[in-house]
Amino acid sequence: MRAKISPGCARPGLNIPAIDEVPKFSASHRVNFTPQQIFAVVSDVGSYKDFLPLVERSTVRNRKPAVDGTENFGADLVVGYNKMGIQETFSSQVQANLKDFSVHTVSTGNAVKKLISSWQITPVEGGQSEIAFVVDYEMKSPMLQKLMKGMFDHAARKIMGAFEERAEAERDQHELQA
């Protein structure tokens with residue numbers, strides 16, 4: 001007996017990614033920085049070009065003073081990988097909340113169907129912080145999706161490391177000035 005497909009259901013042969021092909025990266029770990037120190041680095045999107053790997057340009061649009069500890073603004077990042085001839089511009093809407101030390105972004109780009117990232121920084125004993133970082137993404141090209149799936153875990157960990165290095169450099173700079 002042949003299976004019937006109800007109206008509105010996916011038809012065989014459509015390119016619908018399986019659940020495990022739509023990656024969601026998450027990592028959490030403790031760092032030797034206060035939530036304020038890490039939040040300052042993560043929410044300073046305009047300086048990403050100075051320390052994040054592959055970010056060639058980072059600009060902020062329509063940033064206004066925080067209302068009740070929350071800022072909403074736009075940002076554009078140009079990311080390039082010269083070895084593969086890739087250059088992509090991501091436009092993002094950013095919400096940075098100083099009260100709960102969170103930064104959330106929703107981004108769009110030519111190759112990206114969905115890119116949502118979230119940082120949650122929680123204070124722990126001894127002036128340390130627990131950082132939870134989540135990225136949920138889907139590329140428009142199934143081939144690029146497969147390529148990214150294989151590299152994304154490594155790339156996301158490098159990004160987290162770059163944020164920590166930047167926080168350390170800024171802490172050292174403040175100590176020198178004091």
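Glu71 is buried, at 17% relative accessibility. Buried here means under 20% relative accessible area, exposed means over 50%, and partly exposed covers the values in between, with a 1.4 Å probe and protein chains only. The structure is a predicted model: local features need pLDDT of at least 70, side-chain atom pairs count only at pLDDT 80 or more, and totals for chains, interfaces and linings use all residues. Residues are numbered from 1 along each chain as its sequence is written, and side-chain values use heavy atoms, with hydrogens and water left out.

The side chain of Glu71 forms a salt bridge with that of Arg63, at 2.9 Å from N to O. A salt bridge is a side-chain nitrogen of Lys or Arg within 4 Å of a carboxyl oxygen of Asp or Glu. Arg63 is partly exposed, with a relative accessible area of 34%. Arg63 also lies over the face of Phe73, 4.1 Å from the ring centre. Such a placement requires NZ of Lys or CZ of Arg within 6 Å of the ring centre and within 35 degrees of the ring normal.

By the salt-bridge rule, the count comes to seven. Glu125 and Arg30 meet in one of them, at 2.7 Å from N to O. This pair links distant parts of the chain, 95 residues apart: Glu125 sits in the loop between β6 and β7 (128-139), and Arg30 in strand β1 (residues 24-31). Glu125 is exposed, at 54% relative accessibility. Arg30 is partly exposed, with a relative accessible area of 41%. Arg30 also meets Glu130 in a salt bridge, at 3.7 Å from N to O. Here the link runs between strand β7, which holds Glu130, and strand β1, which holds Arg30, and the two residues are 100 positions apart. Glu130 is partly exposed, at 23% relative accessibility. Through shared partners, salt bridges join Arg30, Glu125 and Glu130 into one network.

The wider fold provides the setting. The protein has two helices and seven strands. Along the sequence they follow the pattern β-α-β-β-β-β-β-β-α. Helices (H or I, at least four residues) and strands (E, at least two) are DSSP runs, numbered from the N terminus.

Two strands pair if DSSP finds at least two bridges between them. β1 and β7 are antiparallel, over eight bridges. In this pairing, Ser26 stands opposite Val134 in β7. β6 and β7 are also antiparallel, over twelve bridges. There, Ile116 stands opposite Asp136 in β7. β6 and β7 form a hairpin with three residues between them. Gly126, in the turn, has a positive phi of about 75°. In a regular strand the side chains alternate between the two faces of the sheet.

Aromatic side chains connect further parts of the chain. Rings of Phe, Tyr and Trp (its six-membered ring) pair if their centres lie within 6.5 Å; planes under 30 degrees apart count as stacked, over 60 as edge-to-face and the rest as tilted. By this rule the count comes to seven aromatic pairs. Phe51 and Phe163 form an edge-to-face pair, 5.3 Å from centre to centre, with 80° between the planes. Phe51 lies in the loop between α1 (35-42) and β2 (55-61) and Phe163 in helix α2 (residues 142-177), so the pair ties together parts that are 112 residues apart in sequence. Phe51 is buried, with a relative accessible area of 15%. Phe163 is buried as well, at 4% relative accessibility.

Phe163 also pairs edge-to-face with Trp119, at 4.7 Å from centre to centre and 65° between the planes. Trp119 lies in strand β6 (residues 112-124) and Phe163 in helix α2, so this pair ties together parts that are 44 residues apart in sequence. Trp119 is buried, at 5% relative accessibility. Phe25, Tyr48, Phe51, Trp119, Phe133 and Phe163 form one aromatic cluster.

Values for the whole chain complete the description. Of the 178 residues in the protein, 34% are buried. Contact means heavy atoms within 4.5 Å. Among contacts with a separation of 6 or more, 49% come from residues 24 or more positions apart. The protein exposes about 11,100 Å², and carbon and sulfur atoms supply 55% of it. Accessible areas come from the Shrake-Rupley method with a 1.4 Å probe; for residues, only the protein chains shown count as cover.
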